[in-house]
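Please read the points below alongside the sequence and the structure.

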Amino acid sequence: MARIQIPLEALTSRLNLGSRFEGVRSQSMATRFANLKPISEFLDIKRISKPANFGEVQSRVNYNLGFFSSNYVAVAVMLVIYSLLTNLYLLFDILFVAGGLFGIKKLNGRELELGFTRLTTSQLYTGLVIIAVPLFVLASPISTALWLVGATGVSILGHASFMDKPIDTAFSEEAV
């Protein structure tokens, strides 16, 4: 049976996704959030308009993803925080695992001595996994992750496609 080859390069080259993330990796967090655009510019309702065709949508998305990239990262972080605050089981499980790993690390490889037993670090890690995995499954992390992908995609791509470019960039593109 022949394998199905999906031409991912053809899909990603139209949106210029390959080079889009190179600048993100090279920037520090301080530099990243220093580039935040003001909220009045990010939510300028005077620049919201319906694109005429798909070519204009691509042009707007390419421009706005680069121009508002720090704001989009902030939106994604806020959506992650919101999803954790509304899914308290998942938040508890993450904090439980982080606290358990921190507590085991504080032992520095020594055994935990309780009044009636001694537990090795491997037993503590095993106990942490035995408790955390069922809690993790009950917390429905897959639905939370899918909600995050959908909400982030709709928010960011919706904003990027409906937010028109500034007038000065529109004129500079026509002059070229």
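Predicted model: local features only at pLDDT ≥ 70, side-chain atom pairs only at ≥ 80, totals over all residues.

**Notes on salt bridges and backbone angles**

1. Arg 60 is buried, with a relative accessibility of 2%.

2. Arg 60 pairs with Glu 56 in a salt bridge whose closest N and O atoms are 2.8 Å apart. Both residues belong to helix H6, which covers residues 54–67. Their spacing is four residues, about one turn of the helix.

3. Asp 164 is another salt-bridge partner of Arg 60, with 3.5 Å between the closest N and O atoms. Arg 60 sits in helix H6, while Asp 164 sits in the loop between helix H10 (141–162) and helix H11 (167–175), so this pair ties together parts that lie 104 residues apart in sequence. Asp 164 has a relative accessibility of 27% and is therefore partly exposed.

4. Glu 113 and Arg 118 also form a salt bridge, with the closest N and O atoms 4.0 Å apart. Both ends of this pair are exposed: Glu 113 has a relative accessible area of 57%, and Arg 118 has one of 52%.

5. In total, the structure has four salt bridges, among them the pairs Arg 60 with Glu 56, Arg 60 with Asp 164, and Glu 113 with Arg 118.

6. Asn 108 deserves a check of its backbone. Its phi is positive, at about 55 degrees, although the residue is not a glycine. Asn 108 is placed in the loop between helix H8 (88–106) and strand E1 (112–113). With a relative accessibility of 65%, Asn 108 is exposed.

7. Ser 140 is a further residue other than glycine with a positive phi, here near 50 degrees. Ser 140 is found in the loop between helix H9 (121–138) and H10. Its relative accessible area is 33%, so Ser 140 is classed as partly exposed.

Terms used: Residues numbered from 1 in each chain as written. Heavy atoms only, no water. Salt bridge = Lys/Arg side-chain N within 4 Å of Asp/Glu carboxyl O. Helix = DSSP H or I, 4+ residues; strand = E, 2+ residues; numbered from the N terminus. Buried < 20%, exposed > 50% of the residue type's maximum accessible area, 1.4 Å probe, protein only.
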